[in-house]
Amino acid sequence: MNPIKDEQVECSIEKALNIIGGKWSFLVLKELFKGTRRFGELQRRIKDISPTALTNTLRHLEKNEILTREAFATVPVTVEYSLTEKGQELHKILKEMKSWGAKWG
């Protein structure tokens, strides 16, 4: 008999959730599905999110290549966020979650 190896097999759902991040990520994605947004626009549209939470969420999504950050040399600096192709592919998943939430929430 072969001894059982102590390996952790990572679940695909767990991988997806680690890439997407926390609860604010879903709300940021919802806004970015509508188009490119600036930091202030996102903050106004996402109720109750703090600037720190928004910054951390945007950094996490950028690190995981879900969105891109483009800075423009203005005073003050203008920064715009847009979804990457990888981020756009999450749209179907979030639509299904929305339908599920409407039915069961």
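In what order do the three strands form an open sheet, and is the pairing parallel or antiparallel? The order is S1-S3-S2 and the pairing is antiparallel, where two strands count as paired if DSSP finds at least two bridges between them. This is a predicted model, in which local features need pLDDT of at least 70 and side-chain atom pairs count only at pLDDT 80 or more, while totals for chains, interfaces and linings use all residues. Residues are numbered from 1 along each chain as its sequence is written, and side-chain values use heavy atoms, with hydrogens and water left out.

- Two bridges join S1 to the antiparallel strand S3 (residues 78-83), and Tyr-81 in S3 is the bridge partner of Arg-37.
- Helix H2 (residues 23-32) lies across S1, S2 and S3 and runs at about 90° to S3, with axes fitted to C-alpha atoms, for helices over the stretch in contact (heavy atoms within 4.5 Å), and angles running from 0 to 180 degrees between N-to-C directions.

**Chain as a whole**
- From the N terminus on, the elements run α-α-β-α-α-β-β-α-α, helices (H or I, at least four residues) and strands (E, at least two) being DSSP runs numbered from the N terminus.
- The radius of gyration, taken over C-alpha atoms, is 17 Å, well over the 13 Å that the globule rule (2.2 Å times the number of residues to the power 0.38) gives for 105 residues, so the protein chain is more spread out than a compact globule.
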